[in-house]
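Open the model in your viewer and keep the selection tool ready. This tour says what to pick next and what is there.

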Amino acid sequence: YDRVELTGSLAAGAYLSIDVDAQNGAPDGVALIDTAGGLLLDALSYEGEIVAATIDGQTYDLVEGTVLAGNVADSNTVAGSLARIPDGSDSNDAATDWKFTTTATPGAANASP
């Protein structure tokens, strides 16, 4: 597992790109947590459900709404990534919000597959 500390804020419409090495093995997930209060701000669980991730002694459910289908995942055979599409929206339903795309857009708006 990897942890990246974020500080500051982003202007409206701005983007932040964080480069981390992916963990091998399913399921995988990402959590955005306000560590000052332990509040889960956003999450993504893919290649299976992560409903009990323990982070700093607190347990979090990383599945928002409907779990992402198993075939919507990062791949070692196809270059690409999971992206929130449409860009900038969050319906709190992973199956609606996330798509696999082969178009890399670090630091810019996500492109539809």
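Is Asp42 buried or exposed? At 17% relative accessibility, Asp42 counts as buried. Buried means under 20% relative accessible area, exposed means over 50%, and partly exposed lies in between, with a 1.4 Å probe and protein chains only.

A note before going on. This is a predicted model, in which local features need pLDDT of at least 70 and side-chain atom pairs count only at pLDDT 80 or more, while totals for chains, interfaces and linings use all residues. Residues are numbered from 1 along each chain as its sequence is written, and side-chain values use heavy atoms, with hydrogens and water left out.

**Stop 1: the whole chain**

Show the cartoon. The protein chain has one helix and six strands. Along the sequence the pattern reads β-β-β-β-β-α-β. Helices (H or I, at least four residues) and strands (E, at least two) are DSSP runs, numbered from the N terminus.

The radius of gyration is 14 Å, close to the 13 Å that the globule rule gives for 113 residues, so the protein chain is as compact as a globular protein of that length. That radius is taken over C-alpha atoms, and the rule is 2.2 Å times the number of residues to the power 0.38. The C-alpha atoms fill a box of roughly 35 × 35 × 25 Å along the principal axes. Of the 113 residues, 24% count as buried.

**Stop 2: a salt-bridge network**

A salt bridge is a side-chain nitrogen of Lys or Arg within 4 Å of a carboxyl oxygen of Asp or Glu. The pair links distant parts of the chain: Asp42 is in strand E2 (residues 39-46) and Arg84 is in strand E5 (residues 81-84), 42 residues apart. Arg84 is buried too, with a relative accessible area of 14%.

Asp90 is partly exposed, at 34% relative accessibility. Shared partners join Asp42, Arg84 and Asp90 into one network.

**Stop 3: another salt bridge**

How many salt bridges are there by this rule? The count comes to three. Asp56 sits in the loop between strand E3 (53-55) and strand E4 (58-60), and Arg3 in the segment before strand E1 (28-34), 53 residues away. Both Asp56 and Arg3 are exposed. For Asp56 the relative accessibility is 58%.

**Stop 4: backbone details**

Stay on Asp56 and show its backbone. Its phi is near 50°, a positive value in a residue other than glycine. Most residues other than glycine have a negative phi, and most peptide bonds are trans.

Move to Glu47, in the loop between E2 and E3. Glu47 is not a glycine, yet its phi is positive, about 60°. Glu47 is partly exposed, with a relative accessible area of 24%.

Next, pick Ile85 and Pro86. The peptide bond from Ile85 to Pro86 is cis, with omega near 10°. Pro86 lies in the loop between E5 and helix H1 (94-97).

**Stop 5: the nonpolar cores**

Which residues form the largest nonpolar core? Select Leu44, Tyr46, Leu68, Val72, Leu82, Ala94 and Trp98, seven residues. Such a core is a set of buried Ala, Val, Leu, Ile, Met, Phe, Trp, Tyr and Cys residues joined through side-chain atoms within 4.5 Å.

Centre on Val72. Leaving aside neighbours within four places in sequence, Val72 is in contact (heavy atoms within 4.5 Å) with Tyr46, Leu82, Trp98, Lys99 and Phe100. A second, separate core has six residues, including Ile33, Ile50, Ala53 and Leu62.

**Stop 6: the surface**

Switch to a surface view. Select Val4, Leu6, Leu10, Leu16, Ile18, Leu32, Leu39 and Leu41: they make a nonpolar surface patch of about 730 Å². Patches are made of residues with over 30% relative accessible area and no salt bridge; like charges are joined within 9 Å, and nonpolar side chains (Val, Leu, Ile, Met, Phe, Trp, Tyr) within 5 Å. Accessible areas come from the Shrake-Rupley method with a 1.4 Å probe; for residues, only the protein chains shown count as cover.

Finish on Val4, in the segment before E1. Val4 counts as partly exposed, at 42% relative accessibility.
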